[in-house]
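These are my notebook entries on one protein model. I wished to record what I looked up, topic by topic.

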Amino acid sequence: MEKSIYRYILKYTRRDQIYLIILTALSMPLIYLGLEIPKLIINNALGGEGVPSQVLGVEIDRLQFLLLLCLGYLLLAILNGGLKYIMNVYRGSLGERMLRRFRYTLYNRILRFPLARFKRVSSGEIIPMITAETEPLGGFIGDSIALPVFQGGLLITYLFFIFNQGVWLGIVAIALFPPQMIIIPRLQRKVNELARQRVQNVRKLADHVGESVAGISDIHSHYTSRFEQATISHRLGTIYDIRFDIYKRKFFIKFLNNFLAVLTPFFFYSIGGYLVLQGELSLGALVAVLAAYKDLSSPWKELLKFYQITQDIKVKYAQIIEQFDPPNMFDTSIVNATVDDIEPFKKSLVTRNLSYKDEDDKKIIDRINTQIPLDKHIALTGASSIDTETFAQLLARLITPASGQVLIDEQDSKSFPEALVGQQLAYSGSNSHVFNSSLTDNLLYGLKHERVPEWDDTSLDLEEQKRRNKESIASANSVDDPHANWIDYRASGAADPEHFKRLINKVLKTLEIDDEAFELGLSETANTERHPLLAEQVLQIRKALSSELKQPQNAELVEFFDTESYNANLSVAENVVFGAPISEHYQFHCLSGNELINTLLKEQGLDTIFLKTGYRLTEIMLELFSDLDEDDELFEQFSFIRAEDFPEYERIRAEVAQHDLQNISDEDRKMLLALTYKLTPARHRLGLIDDSIQPLILKVRKTLRETLGEQNDDITFFDIKEYNSAISIQDNIIFGRIAYGKPNAQRSIRELIETAVEKLQFRTEIIWSGLDYIAGSGGTRLSLIQRQKIMVARCLFKNPDILIIDGTLSALNSTDQTRILENIIKFRKGRNLIWSLDNPELEKHFDSVLAVDTGEYTARNEPQS
């Protein structure tokens, strides 16, 4: 990357900058004429001096001459304004396009960082550099040349006009420029240094906040929150001191500029007035000079401001470039090169004098020579997990050796493009990541090498796609559409889409993910557009299961959705709506402010009852939970009121004690009603929604359904004959809610569902729906075991020639680990498998065991060299 921001700008925008300079040059004569015309109006049209008798052969009088000058002034203003508009839009577009290019370049450089770089620099430091810290660069790049040229042109034009009226007036106009040009830069240098310190400290703050988020469970479990608060407070205090110092210096510079700007008009009025009184200067000329000077101050201030911004941007740019230019980056040709015909690796993987040193120059791998056949299963052992992890990453070419080679089929893997290694070799280790997307996306992530055009299904129309591509090219960005189909089933070895589906099911069974996906599928809502067979299948399962659920031994396990009955296992809100909300104002947390429902409650006299119930719940919650710490799990499990809302409900209770419940504000009324809507009789057993209230709620339910109609955009009502896409598959199947307080009810219902599903052979669709489950940031919505399984499954889908697993299934117990390992070995029969083991008992399942600290095999079936 260019070390100087101006070199970077000129490298990519030279043509655009020349175009802006030409536009600027065209505007200068118009601006000069805009200064000259007011002088002609005052001295000639109004003063009566030198009024022409005709213009372009047409006779005119004094009034017509005045109107002609005024129209000319208006036309110049329109032309000037139009040119400014064109320049401003062009500058803005240019700046944003270059900002897009710059951010894309930085992201590409992240992809080339050596792995060791991420041990020293956290994401909390890198992310703000690409997002917040680069933001000012966009505006600056557009202005970098065009703005000083334009403002400098204005300054010269105004000064030329002033000197044209009188030399002494021109000297007065520029008299204070030299002091400003000397003093301001000196003051600005200190501001720049403070700005650099501020950026560094903000990065440290971001890094610490990121660590706090990542380690939040440790902060709570070890009660270190006060220490962390003290650390953050200290960092914020340091930033405050720096920023306060910056403000003092910046505003002193501004004060100095304003003071010097006031002095010049003083001299104009005194000296210019004297010259007018002496008859050496016309009044029109003095008025025009004063107007010109008033305009002159603006470009001069803009140039000073631009100087300050330039110095600040130079600091930011230099610091960003420094952070994104670490040593030992992967070469661009390695990362971006494409491979048309990929030949499989067939022979062996060989290391020659392979050595590696960590970032502290400590030698971890020392001159290892070994050979690994590509049709064997090899276990890696070492003196420590660091040894085996480092060796595995060297084989996978994730880190670069200090010396020696890793040869695949007698070629140095260092020279292989990533497109080849990424498809023929797979690695799963402790650094492998689960992305914040669906399980399907995570499992098939290793197949997203390039777009599959024949499978493309983009939502963008052709014209919009062309526009986006044009902008992408102008910004040197990728023109590939991320919404297109990137899953290349052929890369997995599948012959066709149906074969690919069978492969997916096989991999899920190998890692035992299918049962977990089935459980997730039952618990979540389903996308029936992605899974069009699912709705009909669920209805068939519902029909097959209904008679079984009505058997005496199962009768109390489920309370069915019956329009004519109150469901004690649903909340009050769910009973009122009795369906799945679609629009925002019918979501359960919004019902207290829903006008239609409030009207229906009032018609049945439920408004007062619900209000009193909400107040009674407030009293109960405050009595039970007010003495608990806000981090106590009891809040999450049992309290209707969040810990942070307790003060508000304390206030409401105090106001009701002094006044009357009916006289509280509308907002307080909504807060009390919200508590009532959360109440589930079968779960909470408080006796507040009794047999006298339930029939009234049923009347509200019935009226609401009649008012909205069966087909509406607000609620999908429960219907025994229809699939409801807004509730879970399990609730759809049983068409009800599992009863609270019934021992083993959940397990019994799941067993009944599984039996019915297996009998109808509908398991696959539910599993595929479960794979739509969003894993969360870093896979936080999954267990550690689930994350580790997904990482390994992702590698199996690639069908690589070389598969390296670095202790990824360590979270499983010994029995499960052995079983899944045996499944994987069976899956990879005749294909290479290299596994860094934590459990020595598993070595017996491999063809050979390689000690990475010596390079020697201690194997049952030692590979032949």
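The entries below concern a sheet, a pair of helices and the nonpolar cores of this predicted model.

**Entry 1**

I next looked up strand 3, which covers residues 348-357. Is this strand mostly covered or mostly uncovered? I found it mostly covered, as 7 of its 10 residues are buried.

I followed its pairing with strand 4 (residues 363-373), which is antiparallel and runs over 7 bridges. Within this pair, I noted that Tyr356 stands opposite Ile365 of strand 4. The two strands form a hairpin with 5 residues between them. In the turn, Asp361 has a positive phi of about 65°.

I then turned to strand 6 (residues 403-408), which is antiparallel to strand 3 and joined to it by 5 bridges. Here I recorded Ser403 of strand 6 as the bridge partner of Ser355.

I also looked for a helix against these strands.

**Entry 1: two crossing helices**

I looked up how helix 22 (residues 606-625) meets helix 25 (residues 666-678). Their axes come within 7 Å and cross at roughly 85°. Helix 22 is therefore roughly perpendicular to helix 25. On the side of helix 22, the residues in contact include Phe610, Leu611 and Tyr615. Helix 25 contributes, among others, Arg669, Leu672 and Tyr677. I found that the residues of this contact divide into 8 nonpolar, 4 polar and 2 charged.

**Entry 2: the nonpolar cores**

How many residues does the largest nonpolar core have? I noted 70 residues. Those with the most contacts inside this core are Phe500, Ile733, Ile734, Ile749, Ile824 and Trp835. Helix 31 (residues 784-798) gives the most to this core, with 7 residues.

Leaving aside residues up to four places away in sequence, Phe500 touches Leu444, Leu447, Ile487, Tyr489, Ser492 and Ala494. Apart from this core lies another, of 45 residues, with Leu35, Ala146, Tyr158 and Ile321 among them.

Notes:
Residues are numbered from 1 along each chain as its sequence is written. This is a predicted model: local features need pLDDT of at least 70, side-chain atom pairs count only at pLDDT 80 or more; totals for chains, interfaces and linings use all residues. Side-chain values use heavy atoms; hydrogens and water are left out. Buried means under 20% relative accessible area, exposed over 50%, partly exposed in between (1.4 Å probe, protein chains only). Helices (H or I, at least four residues) and strands (E, at least two) are DSSP runs, numbered from the N terminus. Two strands pair if DSSP finds at least two bridges between them. A nonpolar core is a set of buried Ala, Val, Leu, Ile, Met, Phe, Trp, Tyr and Cys residues joined through side-chain atoms within 4.5 Å. Contact means heavy atoms within 4.5 Å. Axes are lines fitted to C-alpha atoms, for helices over the stretch in contact, and angles run from 0 to 180 degrees between N-to-C directions. Angles under 35 degrees count as roughly parallel, over 145 as roughly antiparallel, 65 to 115 as roughly perpendicular and the rest as oblique. Ala, Val, Leu, Ile, Met, Phe, Trp, Tyr, Cys and Pro count as nonpolar, Asp, Glu, Lys and Arg as charged, and the others, Gly among them, as polar.
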